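Q: I'd like a close look at just one part of this model, please. Pick a spot and walk me through it slowly, then show me what else is worth a look.

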Amino acid sequence: MIKVAINGYGTIGKRVADAVAAQKDMKVIGVSKTRPNAEAFVAKQRGYPLYIADISKKAAFEKVGLTVAGSVEEMCKAADIVVDATPGNVGATNKPLYEKIGVKALWQGGEEHELTGFSFNSSCNYKDAIGRQFVRVVSCNTTGLCRIIHEVDKEFGVTHVHAIMVRRGSDPGEIKKGPIDAIVLDPVTVPSHHGPDVLSVLPHISITTMAMIVPTTMMHMHAIQMTTKKTVSKEQVIELINKHPRLGLIKKSAGLKSTAELKEFAMDLGRQRSDLWENCIFEESIYANKNELCFFQAIHQEADVVVENVDAIRAVMGMEKDAAKSIAATNAALNFKTIQNNH
Ligand code: NAD
């Protein structure tokens with residue numbers, strides 16, 4: 001059993017913890033919180049030992065009935081690997097601790113590629129992560145882009161990608177972020193950071209990205225256009241999506257044309273936390289003509305990186321050398337079959 005610690009038990013950390021706990025070959029040895037709030041009670045309910053960043057706050061946790069197992073340093077010492085899911089740029093400040101202890105660590109997309117020198121996506125570069133000490137799992141948008149670009153590139157050769165990201169303003173539980181009534185260019189300049197971030201995983205791809213933030217919380221929407229070396233047909237693209245364990249297809253039969261309806265569908269299907277771990281590519285939007293391919297894909301920002309973290313743990317620990325086997329194990333443990341299997 002791989003002993004996994006989750007440093008930062010928030011939106012991503014709590015999901016990674018549950019996904020790790022569901023695997024046969026790993027267990028959660030602890031999660032960390034900075035303050036005693038609702039998420040800390042969720043950790044207690046799940047039975048995850050609770051560690052705290054600032055041990056001087058121990059009394060505040062115990063006062064509300066939360067048992068503190070120890071400090072973050074103690075948690076990291078007890079682990080084979082730490083999944084750092086603290087907020088962007090906070091994670092980087094933990095690197096000296098992991099180096100001092102000599103523990104393996106994963107970071108999230110809020111950190112710079114340079115922090116680890118290696119950015120991960122299960123479908124693209126699993127093998128290159130095997131045995132590394134430090135790995136960064138790319139962000140939700142980059143994960144969604146890398147998955148589909150890599151598949152299309154393998155099959156048809158990608159000459160250029162142009163992608164426009166319509167990003168959610170905040171996660172559903174974040175009450176202090178906006179915008180409330182604006183479309184915010186993110187940034188005004190082109191390209192947005194997403195294109196360069198894709199290159200941290202797929203360095204040979206030519207890509208330009210633009211991004212804007214809108215007042216929604218549930219998902220991102222990508223409008224993607226690719227030019228390909230070989231001619232491409234809609235049927236071939238659908239086949240390629242159906243073969244991939246993390247590319248979802250929203251078929252015409254579902255009658256969905258929005259992120260809201262999609263999340264409602266996931267909720268009704270009984271997905272844990274209504275999480276969509278797969279890219280959600282709208283079948284009807286797939287337009288293929290000669291060397292041009294266009295489509296819309298929705299990305300659940302809280303979920304798609306979670307399964308990637310689980311595979312990254314296996315790769316870094318050298319427990320499974322085959323990406324496809326790790327992906328299959330991760331998905332099976334979560335009872336995750338891509339959404340086209342449900343309609
Ligand atoms: P979050 O704010 O929801 O959770 C972070 C957690 O870390 C909180 O519980 C916070 O209390 C805790 N924390 C803060 N400082 C800490 C410290 N010093 N030690 C231990 N815990 C600490 O953040 P999140 O949205 O889960 O993001 C985490 C990382 O994942 C970031 O790098 C982010 O960019 C990335 N990410 C987020 C999303 C998303 O949509 N939320 C998607 C993909 C990647």
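A: A polar contact is a pair of N or O atoms within 3.5 Å; inside the protein, one must be able to donate a hydrogen and the other to accept it, and sequence neighbours count only if both atoms are side-chain atoms. With that in hand, look at Ser170: its side chain reaches the backbone oxygen of Glu174 at 3.4 Å. Keep in mind that this is a predicted model, where local features need pLDDT of at least 70, side-chain atom pairs need 80 or more, and totals for chains, interfaces and linings use all residues. Residues are numbered from 1 along each chain as its sequence is written, and side-chain values use heavy atoms, leaving out hydrogens and water.

Where does Ser170 sit? You'll find Ser170 in the loop between strand 9 (158-168) and strand 10 (184-185); strands are DSSP runs of E with at least two residues, helices are runs of H or I with at least four, and both are numbered from the N terminus. Ser170 has 5% relative accessibility, so it counts as buried (under 20%; exposed is over 50%, partly exposed in between, with a 1.4 Å probe and protein chains only). Leaving aside residues up to four places away in sequence, Ser170 touches Lys177, Gly178, Thr216, Thr217 and Gln301 (heavy atoms within 4.5 Å).

Now for the ligand. It is surrounded by 23 residues, and Thr11, Ile12, Thr34, Arg168 and Asp171 are the closest (a heavy atom within 4 Å). Asp171 puts a polar side-chain atom 2.6 Å from a ligand nitrogen. For Lys33, a polar side-chain atom lies 3.0 Å from a ligand oxygen, while Gly110 uses a backbone N or O atom, 3.1 Å from a ligand oxygen. On its own the ligand exposes 820 Å², and the protein buries 81% of that (Shrake-Rupley areas, 1.4 Å probe). Helix 1 (11-22) and strand 2 (26-33) are the elements that give two or more residues to this shell.

Strand 2 also has a partner: strand 1 pairs with strand 2 in the parallel sense over five bridges (pairing takes at least two DSSP bridges). One example is Lys3, whose bridge partner in strand 2 is Lys27. Five of the six residues of strand 1 (residues 2-7) are buried, so the rest of the structure largely encloses it.

Just after helix 11 comes Gly318, with a positive phi of about 70°.
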